[in-house]
Amino acid sequence: MSPQKQLVLPMRRAQSDKDSVRSIELYYWPTPNGWKISIMLEECRLPYRIIPVNIAKGEQFTPDFLNISPNNRIPAITDSDGPGGRPISIFESGAILQYLGRKTSKFYPRSERGRVAVDQWLFWQMANLGPKAGECHHFRLYAGEPSPYAVERFTREMNRLYGVMNTRLQTQDFLAGRYSIADMACVGWARYWERQGQDMNQFPHLRGWLERMMARPAVDRAIHIRVESASKVDMRDPKVRDVLFNQRAR
Ligand SMILES: N[C@@H](CCC(=O)N[C@@H](CS)C(=O)NCC(=O)O)C(=O)O
C-alpha cells in the first residue's frame, strides 16, 4: 500500500463545515465487516463521515454505541436523511447494505427476481463465509493455545465455501450475475484466503473474481481507509485479548 493511499483519520469525530452536511455516519473499524459498508458508500459516491470505534479498547461497549448497535459490533450507520426524511440508525452489515441499496437503487436490483438473486448470496455470506472465516482466523492466528481440531474444522469449512463460490463464478462474473452488495459482502474475507490456509490455484474462478473486485477503484479506496489507532493494535497484548476474546453477557 502506498502512503498516498492512506487516509489518516482522527480518533474522534472531526467537526467541519464540510462534515456537517454529510448525512451518513459510519461507525467503523478497518475489518472485513467494516469494509463491506465503506465499499458500498464509495461505490455509490455517497458522502459519509467515519467514526472510528476502537474495538481493541472496548469502545464497542460504550452506551452511545450500544444505542445504535446493541450487539456491540461494528459496522453501524446513522443516516440523518432516513425514510420520511427522519434520522435512522442501523446495525448488522447485511441490513446496512440492503438499506443503502434501496436508498440509492444501486447494486441491489428493484425487481423481485433480481433481489432474490442478491439476497441469497448476501445471506450466504452473513451465515457462512463471514462467521466461518472469523473462527478460522481466530483459531489459526489468535487462539492462546493450539487447537488442531478447530483449525482443521474451520480450514476445511473455508475450503468448502470457496468451492461453492468457485462453482458459482465459473458461469457468472459476479455472485448474483451482476456486481452487487453480495460481492461487496464477501471480498473483505476472501482477500485473506492465505491466512485461512487456502490455495487459490484450487479456485481459478474465485481468483478471477477476486482480481476483478480488487481492481475496482472504490474497493481499493474503501479498504485502504486507514485509522491511525488501528495500525497500533497488538493482538498479543493481554488487555486487547481480554476485550475481544473474553466477552460474556453484561
Ligand atoms: N454480523 C455482524 C458481525 C460484525 C462483527 O463481527 N464485527 C466485528 C469486527 S469484524 C466487531 O465489531 N468485533 C468487536 C468485538 O468482537 O467485540 C455484521 O455483519 O455486522
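Arg115 touches Arg102, Tyr108, Pro109 and Arg110, not counting residues up to four places away in sequence; contact means heavy atoms within 4.5 Å. Arg115 lies in helix α5, which spans residues 112–142. Helices (H or I, at least four residues) and strands (E, at least two) are DSSP runs, numbered from the N terminus.

The model is predicted: local features need pLDDT of at least 70, side-chain atom pairs count only at pLDDT 80 or more, and totals for chains, interfaces and linings use all residues. Residues are numbered from 1 along each chain as its sequence is written, and side-chain values use heavy atoms, with hydrogens and water left out.

Confidence was examined next. pLDDT is the predictor's confidence in each residue, from 0 to 100. Its mean over the protein is 92. A value of 70 or more is reached by 91% of the residues. Among the elements, helix α7 (residues 181–190) has the highest mean pLDDT, 99. Strand β1 (residues 7–9) has the lowest, 40. Over residues 1–20, pLDDT stays under 50. For that stretch the model has 32 contacts beyond four places in sequence.

The ligand sits in the largest pocket. A pocket is an open set of points on a 1 Å grid over the protein atoms alone, where a 1.4 Å probe fits, with protein on both sides within 12 Å along at least five of seven lines. A molecule sits in a pocket if more than half of its atoms lie within 2 Å of the grid points. There are 14 residues around the ligand, each with a heavy atom within 4 Å of it. Gln60, Ile74, Glu92, Ser93 and Gln247 come nearest.

Polar contacts are pairs of N or O atoms within 3.5 Å. A polar side-chain atom of Gln247 lies 2.7 Å from a ligand oxygen atom. An N or O atom in the Arg73 side chain is 3.2 Å from a ligand oxygen atom. The protein covers 82% of the 520 Å² of accessible area that the ligand has on its own (Shrake-Rupley method, 1.4 Å probe).

Backbone geometry was also examined. Glu92 is not a glycine, yet has a positive phi of about 75°. Its place is in the loop between β5 (88–91) and α4 (93–104). The peptide bond from Ile74 to Pro75 is cis, with omega near 5°.

Terms used:
Polar contact = N/O pair within 3.5 Å; in protein donor to acceptor, adjacent residues only side chain to side chain. 1 Å grid on protein atoms, 1.4 Å probe; cavity = no way out; pocket = protein on both sides within 12 Å on 5 of 7 lines; lining within 4 Å.
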